[in-house]
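Here is a set of questions and answers for a first look at a protein model.

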Amino acid sequence: MRISEALNLTLEHFNITGRELAQRSGVTESALSRFRHGEQDLQASSVEKLFAGLPNDAYHYLMAQLWLERQESESAVQMLSLIASRIQTGKVVLNPSSPETLLAS
């Protein structure tokens, strides 16, 4: 999965517009639009700005999309089991206002 595809899924899932992300990140709307449509690559610094412009829960969702795409199912199951174990022991907690967001305790 390309970063642009994961970003599009994330923006759709969290109802974030390209305009909102452009304003929050400082990346121009036109550059963001071209990136989202696969018409232009962005410099790493612009991708970092986009990531920083996302709310935490959206950032984690995007990272999970990219991570899961690259994992073998056995590896993903092991990692998710570790996360579940940490949640159960209180070492990582879910953000009550946004259950998708993990908070280190």
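Q: What pattern does the protein follow, read along the sequence?
A: The model is a predicted one. The protein has six helices and two strands. Read along the sequence, these follow the pattern α-α-α-α-α-α-β-β.

Q: What percentage of the residues of the protein count as buried?
A: A residue is called buried if its relative accessible area is under 20%. The protein has 105 residues, and the share that count as buried is 30%.

Q: Which residues does Leu21 touch, not counting residues up to four places away in sequence?
A: Leu21 is among the core residues that touch the most other members. Leaving out residues up to four places away in sequence, Leu21 touches Leu7, Leu11, Ile16, Leu32, Leu50, Gly53 and Leu54.

Q: How many residues of the contact of α1 with α5 are nonpolar, polar and charged?
A: On the α1 side the contact is made by Ile3, Ala6, Leu7, Leu9, Thr10 and His13, and on the α5 side by Ala58, Tyr61, Leu62, Gln65 and Leu66. These residues divide into eight nonpolar, three polar and no charged.

Q: Is Ala6 buried or exposed?
A: Ala6 is in helix α1. Not counting residues up to four places away in sequence, Ala6 touches Met1, Leu62, Gln65 and Leu66. Ala6 and Leu62 are 56 residues apart in sequence, yet their C-alpha atoms are 5.8 Å apart in space. Because the relative accessibility of Ala6 is 0%, Ala6 counts as buried.

Q: Are α1 and α3 roughly parallel or roughly perpendicular to each other?
A: The axes of α1 and α3 come within 9 Å and cross at roughly 110°. Angles from 65 to 115 degrees count as roughly perpendicular. The two helices, α1 and α3, are therefore roughly perpendicular.

Q: Which residues in α3 meet α1?
A: Ser4, a residue of helix α1, is buried, with a relative accessible area of 5%. Ser4 touches Phe35 and Arg36, not counting residues up to four places away in sequence. Along with Ser4, the residues Ile3, Leu7, Asn8 and Leu11 in α1 also take part, and they meet in α3 Leu32, Phe35 and Arg36.

Q: Where does Asn15 lie?
A: Most residues other than glycine have a negative phi, and most peptide bonds are trans. Phi of Asn15 is near 50°, a positive value. At 68% relative accessibility, Asn15 counts as exposed. The place of Asn15 is the loop between α1 and α2.

Key:
Residues are numbered from 1 along each chain as its sequence is written. This is a predicted model: local features need pLDDT of at least 70, side-chain atom pairs count only at pLDDT 80 or more; totals for chains, interfaces and linings use all residues. Side-chain values use heavy atoms; hydrogens and water are left out. A nonpolar core is a set of buried Ala, Val, Leu, Ile, Met, Phe, Trp, Tyr and Cys residues joined through side-chain atoms within 4.5 Å. Buried means under 20% relative accessible area, exposed over 50%, partly exposed in between (1.4 Å probe, protein chains only). Contact means heavy atoms within 4.5 Å. Helices (H or I, at least four residues) and strands (E, at least two) are DSSP runs, numbered from the N terminus. Ala, Val, Leu, Ile, Met, Phe, Trp, Tyr, Cys and Pro count as nonpolar, Asp, Glu, Lys and Arg as charged, and the others, Gly among them, as polar. Axes are lines fitted to C-alpha atoms, for helices over the stretch in contact, and angles run from 0 to 180 degrees between N-to-C directions. Angles under 35 degrees count as roughly parallel, over 145 as roughly antiparallel, 65 to 115 as roughly perpendicular and the rest as oblique.
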